[in-house]
Amino acid sequence: MKGTYLGEFEELILLTIGILRDQAYGVAIKRELEKQTGRTISIGAVHASTNRLEEKGYLESAFGEVTKERGGKRKKYYQVTLFGQKALKTAMDLRRQMWSQIAPDAFTIKTSF
Amino acid sequence: MGPKPSKTARALLKLFCDQAYHEEVEGDLDELFADNYQRLGKRKANWLYWADVFKHFNWFFFTRRRFKLISQKPLDMWSNYFKVAVRNIFKHKGYSALNVMGLGVGMACAMLILLYALHELSYDRFHVNADRIVVAHTKMTGESDESSSAPNAFVPLAIRELPEVETGVRIFNRGSYFPFIVKYKDNVFQEDRLFHTDSTFFKVFSFPLMKGNPQTCLVNPKSIVLTSEMARKYFGEEDPMGKLLRIDNRHDYQVTGVMEDQPQNSHIHFDFLVSWTSFTNSFNLNERWDNASYTSYLLLDENVSATQVEAKIPAIIDRLENPRYTPSFTLHPLTDIHLRGLGGSFGLEAQNELRYLYIFGIIGLLILVIASVNYTNLATARAVHRAREIGMRKVLGAYRFNLFNQFIGESVMVVFMAVVVAILLVMLALPSFNELSGRVFMIADLFQFDLVTSVLLMALLVSTLAGIYPALVLSGFKPLIVLKGSFKSSKGGVFIRRFLVTGQFMISIGLIIGTSVVFNQLDYMQQKELGYNNDNVLMLPLSSSILRNYASFKAEMLKESGVLDLTLTSESPTSLNAGYSIILKDVDVEKEVYVNGVRTDLDFLDAMQIELVAGSFFSELDLKNISRDIEYKDRVFAFVLNEEAVRRFGISPEEAIGKRAHMNGRNGIVRGVVKDFHFASMHEKIQPMSFLPERDFNNVLVRISGQNIENTLSKVQERWRRLAPNVPFEYEFMDDEYNNLYNTEQRLSKLFGTFATLAIFIACFGLFGLIAFVTAQKAREIGVRKVLGASVGQLVLLLNKGFAGLILIAFMLATPVAYLLMSGWLREFEYRTHIGLQPVLLSLLMTVLIAFASTSFQSLRAARANPVDALKEE
């Protein structure tokens with residue numbers, strides 16, 4: 001099924017949300033992802049991904065309570081849906097399956113000294 | 001709260017970001033900003049904020065906006081507004097009808113005026129070269145008046161000498177003072193719209209030719225081009241091409257072309273065109289400078305202005321070897337002729353005046369204002385009925401801006417309903433409007449592009465004007481107050497409402513005063529003693545056949561009992577314009593006075609009942625002194641002048657008698673002086689004039705008795721047929737002709753009257769609605785008063801009192817303004833009436849009566865109602 005395809009960034013977002021559990025909102029996702037990967041991630045990219053993933057059904061979201069921080073604006077928390085979890089698992093299985101078929105000596109680095 | 005990111009960036013984000021995502025995005029961005037602010041400082045943080053906003057753009061703007069997670073179409077709100085508006089309109093049918101009718105009538109007036117104005121502005125634009133055609137005006141000497149025509153030498157000279165002039169055309173319209181008799185087989189008619197013109201006519205003008213060759217049809221002598229209407233009149237179903245028309249029972253003209261009838265918006269209208277080469281007398285054919293009777297047009301090269309060419313004319317005139325006449329010329333655009341009163345004095349079409357167009361425009365505008373004010377007043381007065389709705393909408397989150405849009409939208413709706421009503425009204429009113437305006441409009445004319453766009457613009461303008469104040473008031477209601485339930489009426493609008501009603505009555509009163517002044521002046525001009533008697537005088541054409549046997553003709557005609565008098569004249573006394581100049585040698589050899597000359601029969605004074613002040617009128621002896629047997633230079637002419645002419649010489653009428661005089665080559669003496677009489681319109685002061693005894697006449701004047709005119713006319717016609725079978729019996733009443741001088745004023749008075757009536761009518765619509773509302777508001781008060789013993793009369797007075805005060809204020813403000821404006825208008829007339837008290841009192845009386853009629857109906861009903869009905873609800 002074509003729908004189950006996950007891009008690399010999308011996969012990372014889903015995994016990050018899994019790590020953060022009930023604390024996964026925009027800025028937190030961005031920080032966690034930066035910490036994990038060491039890359040600089042734009043908040044715009046995070047929003048684009050989360051919303052697209054939600055549309056595809058991998059994520060669901062809910063607004064949190066109104067707090068004094070953020071000028072009274074609520075945080076939007078994401079959760080990975082069952083469908084999303086399945087997609088993650090499929091991706092992982094696919095990789096594992098393919099790794100298993102690679103001969104142990106295929107990737108050995110040949111040094112010349 | 002901590003530091004805030006850039007407001008601009010925030011606004012930008014809000015503008016572009018989809019509502020569904022906005023809260024999340026802004027919250028996240030704010031959090032990041034606060035964090036960055038602490039770590040990196042304000043500048044860097046702000047910079048990053050901006051960058052993040054921009055990074056969101058492609059996503060929201062290009063991809064996301066197309067998909068809506070939360071479905072809320074922007075039209076949902078509008079469709080609700082629409083629904084509520086429709087419900088409101090139908091819930092209060094009476095008020096809605098008042099609004100729509102008032103606005104509809106107002107816009108119908110405005111549409112008619114627009115239609116008229118667009119038509120007037122379109123005059124002569126249909127010529128392909130309209131922008132390049134100019135008409136020449138001439139001043140014969142420094143002090144003479146400018147005439148809208150030129151000597152016949154002017155056009156040929158201009159074509160020869162001025163390279164900027166592509167070509168030109170002359171028109172000579174003899175028919176205006178000496179009609180032609182045109183005959184084909186049995187069809188004989190008198191025609192006065194026959195022009196002599198150059199062969200270049202169709203090169204300059206774009207009148208379409210149905211048959212014949214535009215280049216050659218007017219080249220040969222005795223060629224004639226006629227309109228399709230004339231072709232039908234003379235030839236019926238026959239093909240007129242090549243056929244012969246006999247003119248004045250003397251010359252045969254060959255038809256070389258048939259043209260379409262001229263469009264209405266042309267400044268010249270004619271039935272026949274005759275080639276210039278058809279002239280037989282040298283007077284017209286030779287190029288001369290002493291007679292400016294030829295309407296002259298030039299077609300200029302492109303990109304040459306009239307002023308450039310005009311500047312070169314004096315040089316070519318100076319080069320002429322012509323010491324006696326050095327006329328000066330001015331050139332005026334063709335498209336200005338109709339509206340600026342150029343080019344009229346030689347019988348080419350009555351003109352309109354731009355000024356009157358402005359006046360109509362202003363009247364139309366005033367009527368629109370009155371109608372808009374009605375809407376404004378009714379809408380604000382009745383705001384109470386909408387108060388709960390507004391409160392509710394506000395509580396549910398509507399901004400003032402949304403409500404403002406809603407109410408403006410409602411006024412747009414009402415106005416567009418009114419537009420539909422207006423279009424229907426205009427269609428119904430078109431025939432009467434045509435009569436009023438003297439034009440021929442058709443329903444198809446209503447759908448021309450210019451008019452449709454102007455009407456749409458007008459509708460939008462009116463809906464904004466009428467709707468803006470109610471929208472502001474209604475959208476400003478405080479939800480807390482209106483929802484508490486004690487909100488009964490908005491005090492704030494009362495003053496504005498009074499102000500607007502006063503304004504409406506000012507306009508109405510001003511229009512009534514204007515109308516009655518115009519009517520009075522018209523009446524004055526038509527009733528004033530003219531100095532001669534023009535009652536029941538027929539003007540008939542004269543032919544040489546009648547003149548030859550005039551004595552027996554006259555005797556025969558006088559046998560008819562209804563015929564009182566018969567005389568001959570060269571011109572009608574209402575339009576003397578043949579210019580001569582007279583010198584009294586015994587008084588002052590140098591002093592030359594311009595006089596209008598008219599040649600009359602010996603009995604003219606008696607027949608016309610003109611009073612003689614001194615001397616006598618012409619006698620048989622005077623005729624002998626100028627008989628054809630005597631050489632021209634030896635003839636002795638008798639002149640009879642009017643008082644004004646004598647006054648110009650600074651002598652008394654008695655002194656003038658017997659003085660030797662010289663007039664354009666005629667030597668003679670002053671025989672008599674007549675009392676001044678009005679031979680032109682009352683716009684002008686009575687000018688000097690002179691009677692001449694020469695026997696060269698164009699008209700027979702027949703005075704018939706005022707009893708049984710129809711019968712007398714048919715008897716006269718019978719005799720005429722027998723005595724002069726070749727001359728058509730086509731008569732005009734002299735007093736009609738005199739009244740025609742005031743066509744413009746007559747039309748103005750009718751239009752003024754109609755629009756003033758409509759203005760009052762519309763204003764009363766509004767008043768009617770307002771008083772209905774006020775009585776409804778005060779129902780309980782009236783009930784209580786009635787229970788406590790107030791009479792119906794007292795109650796009606798109570799309700800009407802407020803409006804009476806407003807009318808009085810309006811009256812006091814409007815009267816001086818109208819008085820000033822109208823005395824300005826009157827100043828154009830040399831002989832005029834006084835404004836006096838009558839129009840002022842009339843306007844007050846009419847306004848009070850009409851206003852009371854419309855208010856009393858409502859107040860009486862309220863006052864007579866059973867108080868129980870009003871009080872039981874509590």
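Predicted model: local features only at pLDDT ≥ 70, side-chain atom pairs only at ≥ 80, totals over all residues.
To display the contact, show Gly26(A), Val27(A), Lys30(A) and Arg31(A) on H2(A), which meet Asp28(B), Glu31(B), Leu32(B) and Asp35(B) on H2(B).

Remain in chain A and select Arg21(A), in the loop between helix H1 (8-20) and H2. Although Arg21(A) is not a glycine, its phi is positive, at about 50°. Arg21(A) counts as exposed, with 65% relative accessibility.

**Domains of chain B**

Next, colour chain B by domain: domain 1 (7-66), domain 2 (151-326), domain 3 (354-525 + 742-871) and domain 4 (537-736). The C-alpha centres of domain 2 and domain 4 of chain B are 31 Å apart. Between these two domains, 7 residues of domain 2 are in contact with 7 residues of domain 4.

Select helix H10 (residues 306-318) of chain B, where Ala306(B), Val309(B), Ile313(B), Ile316(B) and Ile317(B) are buried.

Then move to Asn249(B), in the loop between strand E9 (244-247) and strand E10 (251-259) of chain B. Asn249(B) is another non-glycine residue with a positive phi, here about 55°. The relative accessible area of Asn249(B) is 31%, so this residue is partly exposed.

**The helix pair H14 and H15**

Select helix H14 (residues 400-437) and helix H15 (residues 449-475) of chain B, whose axes come within 7 Å and cross at roughly 140°. H14(B) and H15(B) are therefore oblique to each other. The crossing of H14(B) past H15(B) is right-handed. Residues making this contact include Phe404(B), Phe407(B), Ile408(B) and Val412(B) of H14(B), and Leu456(B), Ala459(B), Leu460(B) and Ile468(B) of H15(B).

**The nonpolar cores**

Which residues have the most contacts inside the largest nonpolar core? They are Met107(B), Ile610(B) and Phe691(B), in a core of 113 residues. Domain 3 (354-525 + 742-871) and domain 4 (537-736) of chain B each supply at least three residues to this core. A second, separate core has 33 residues, among them Leu14(A), Ala24(A), Leu53(A) and Ala45(B).

Centre the view on Ile610(B): leaving aside residues up to four places away in sequence, Ile610(B) touches Gly531(B), Tyr532(B), Phe604(B), Leu605(B), Val674(B), Lys675(B), Phe677(B) and Phe691(B).

**Two loops of chain B**

Is Thr600(B) buried or exposed? Select Thr600(B) in the loop between strand E17 (593-599) and helix H20 (604-608) of chain B. Thr600(B) is buried, with a relative accessible area of 1%. Beyond residues up to four places away in sequence, the residues that Thr600(B) touches include Leu568(B), Phe617(B), Phe691(B) and Pro693(B).

Finish at Ser561(B), in the loop between helix H19 (550-558) and strand E15 (563-569) of chain B. At 68% relative accessibility, Ser561(B) counts as exposed.

Terms used:
Residues numbered from 1 in each chain as written. Chains lettered and ligands numbered in written order. Heavy atoms only, no water. Core = buried A, V, L, I, M, F, W, Y, C linked by side-chain atoms within 4.5 Å. Buried < 20%, exposed > 50% of the residue type's maximum accessible area, 1.4 Å probe, protein only. Domains from an automatic or database assignment. Contact = heavy atoms within 4.5 Å. Axes fitted to C-alpha atoms, helices over the stretch in contact; angles between N-to-C directions. Helix = DSSP H or I, 4+ residues; strand = E, 2+ residues; numbered from the N terminus. Parallel < 35°, antiparallel > 145°, perpendicular 65-115°, else oblique. Left-handed = near helix turned anticlockwise from the far one by under 90°.
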